[in-house]
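User: I'd like to learn how to read the overall build of a model before I look at its surface. Could you walk me through this one?

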Amino acid sequence: MDESLIIDLTHESLKVTMYLGGPMLLGALITGVVVSLFQAVTQINEQTLSFIPKIIVIGASLVILGPWMSDVMISYTRDLIINIPQMIAQH
């Protein structure tokens, strides 16, 4: 298999992974920081307080961005399947 094709596939798969995971991870990160600041200001040291807001933010991001995420996954999968003959021919 051509080395540039492998690099392109790796680059594209990492890019799709960041597109799909990034919004949820960023939302959870921001929510965690806000909840931590709230806990520091109010001196509430409850460990489970940060989980519920993070779950809500991740669920909301899945609901809001779900159609876009599925389009990205479908497009990436379609491109992989279409390029199978090219990958086999170069092998």
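Analyst: Happy to! Keep in mind that this is a predicted model.

User: What cut-off does a residue have to meet to count as buried?

Analyst: Buried means under 20% relative accessible area, while exposed means over 50%. As for the surface as a whole, the protein chain exposes about 6800 Å², and carbon and sulfur atoms supply 72% of that area.

User: Which secondary structure elements does the protein chain have?

Analyst: There are three helices and zero strands. Read from the N terminus, the order is α-α-α.

User: What do the contacts say about sequence separation?

Analyst: Take the contacts between residues at least 6 apart in sequence: 68% of them join residues at least 24 apart.

User: Now the surface. Which residues make the nonpolar patch?

Analyst: Leu-26, Leu-29, Ile-30, Val-33, Val-34 and Leu-37 make a nonpolar surface patch of about 570 Å². Leu-37 lies in helix H1, which spans residues 3-42.

User: Is Leu-37 buried or exposed, and why?

Analyst: Leu-37 is exposed because its relative accessible area is 54%, and the cut-off for exposed is over 50%.

How values were computed:
Residues are numbered from 1 along each chain as its sequence is written. This is a predicted model: local features need pLDDT of at least 70, side-chain atom pairs count only at pLDDT 80 or more; totals for chains, interfaces and linings use all residues. Side-chain values use heavy atoms; hydrogens and water are left out. Patches are made of residues with over 30% relative accessible area and no salt bridge: like charges are joined within 9 Å, nonpolar side chains (Val, Leu, Ile, Met, Phe, Trp, Tyr) within 5 Å. Accessible areas come from the Shrake-Rupley method with a 1.4 Å probe; for residues, only the protein chains shown count as cover. A salt bridge is a side-chain nitrogen of Lys or Arg within 4 Å of a carboxyl oxygen of Asp or Glu. Helices (H or I, at least four residues) and strands (E, at least two) are DSSP runs, numbered from the N terminus. Buried means under 20% relative accessible area, exposed over 50%, partly exposed in between (1.4 Å probe, protein chains only). Contact means heavy atoms within 4.5 Å.
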